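Dear colleague,

Please find below the structure that I am handing over to you. My notes on what was found in it follow directly after.

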Amino acid sequence: MPASILSNVYKKINHKKYKGILHMFEEMFQHRKLNRSKLLAYGFKEVFDEYRYTTAVMNGNFILHVTVDASGKVNTSLIEQDTGEEYVLYKIKSASGGFIGDVKCVCQKALADIAEKCYDPDIFRWKQSKEIIEYIREQYHDELEFLWKKSPGNAVWRRKDTGKWYGVILTISRKKLGLPSDEIVEIIDLRLQPEIIREIVDGRRYFPGWHMNKKSWYTIILDNCVRTEEICKRIDESYLLAVK
């Protein structure tokens with residue numbers, strides 16, 4: 001079925017029925033933060049208070065327009081070259097068919113590339129987590145490495161000279177630390193001498209290293225139970241221990 005006919009079919013669809021499943025690509029940008037310098041380097045143009053990017057897709061039969069507002073929210077429009085009409089079926093999750101599937105796939109690849117190259121991960125939301133991330137960025141010029149696609153809430157810091165990890169930040173439930181709660185928390189794992197770990201682990205402020213060797217790693221919940229200044233000192237200790 002020609003794209004222009006499909007566009008006309010869409011005009012007859014009850015928009016209220018499909019409200020909430022439009023913009024099916026929004027999930028690509030969840031837990032990501034817009035990086036304006038990367039956006040401009042990618043080819044976006046700043047127009048008033050938004051950024052715009054245009055690319056030809058489907059062998060030049062369509063033009064994909066991508067708009068990013070100041071908050072980082074993404075919107076798209078797909079224009080059919082021959083008719084100048086907007087083609088919108090690709091935004092509907094329930095719309096199916098060979099041609100629609102091809103269009104969805106092409107648009108998905110284009111937006112996935114933008115999400116990967118123009119946005120930074122923004123997984124960790126707690127205030128203390130952000131303070132710790134900023135401290136390491138300023139002190140050691142290290143950025144988080146997200147090594148596990150199936151576990152996007154986990155990341156590591158490693159020394160540039162040795163390649164060894166000196167910090168791991170994760171999202172887990174309190175219950176996994178032996179606490180009576182299913183609340184999801186953000187934690188940090190750090191290195192320390194085994195004899196000191198035995199002294200400080202108390203099950204309240206300091207915990208055995210989660211998912212790490214408990215002899216040389218320990219865990220802190222980033223809920224201000226331990227002051228940020230103290231955690232930063234602990235990070236410095238862990239950094240020094242991350243040697244070959």
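**The open sheet**

Five strands, in the order E7-E8-E9-E11-E10, make up an open sheet with antiparallel pairing. At its edges stand E7 and strand E10 (207–208), each of which pairs on one side only. Helices (H or I, at least four residues) and strands (E, at least two) are DSSP runs, numbered from the N terminus, and two strands are said to pair if DSSP finds at least two bridges between them. Strands of a sheet pair through backbone hydrogen bonds, either parallel or antiparallel.

Before going further, please note that this is a predicted model, in which local features need pLDDT of at least 70 and side-chain atom pairs count only at pLDDT 80 or more, while totals for chains, interfaces and linings use all residues. Residues are numbered from 1 along each chain as its sequence is written, and side-chain values use heavy atoms, with hydrogens and water left out.

Within the sheet, strand E9 (residues 184–191) pairs with E11 in the antiparallel sense over 5 bridges. Arg191 has Trp217 as its bridge partner in E11.

Thr219 belongs to strand E11 (residues 217–221). Is Thr219 buried or exposed? Its relative accessibility is 0%, so Thr219 counts as buried; the term buried means under 20% relative accessible area, exposed means over 50%, and partly exposed lies in between (1.4 Å probe, protein chains only). The side chains of Thr219 and Asp189 are joined by a polar contact of 2.4 Å.

Lys164 is placed in the loop between strand E7 (155–158) and strand E8 (165–173). With a relative accessibility of 33%, Lys164 counts as partly exposed. Apart from neighbours within four places in sequence, Lys164 is in contact with Trp157, Arg158, Arg159, Arg191, Ala242 and Val243.

Strand E2 (residues 45–47) and strand E3 (residues 50–57) pair in an antiparallel manner over 3 bridges, and Lys45 has Arg52 as its bridge partner in E3. Their hairpin has 2 residues between the strands, and Phe48 takes a positive phi near 55° there.

E3 also pairs with strand E4 (residues 62–69), in the antiparallel sense and over 8 bridges. The bridge partner of Thr54 in E4 is His65. The hairpin of E3 and E4 has 4 residues between the strands, and Met58 in the turn has a positive phi of about 55°. Asn59, in the loop between E3 and E4, has a phi near 60°, a positive value in a residue other than glycine. Asn59 is exposed, with a relative accessible area of 82%.

**The largest pocket**

What is the volume of the largest pocket? The volume of the largest pocket is about 860 Å³. Among the 24 residues that line the largest pocket, Asp120, Pro121, Asp122, Ile123 and Phe146 are the closest to its centre. A pocket is defined on a 1 Å grid over the protein atoms alone, as an open set of points where a 1.4 Å probe fits, with protein on both sides within 12 Å along at least five of seven lines; lining residues have an atom within 4 Å of a point. Grid points are joined across faces, edges and corners, and a volume is the space filled by probe spheres set on the points.

Strand E1 (32–34), strand E6 (119–121) and helix H5 (127–140) each supply at least two residues of this lining, and H5 gives the most, with 4 residues. By type, the lining divides into 10 nonpolar, 2 polar and 12 charged residues. Here Ala, Val, Leu, Ile, Met, Phe, Trp, Tyr, Cys and Pro count as nonpolar, Asp, Glu, Lys and Arg as charged, and the others, Gly among them, as polar.

With kind regards

How values were computed: Contact = heavy atoms within 4.5 Å. Polar contact = N/O pair within 3.5 Å; in protein donor to acceptor, adjacent residues only side chain to side chain.
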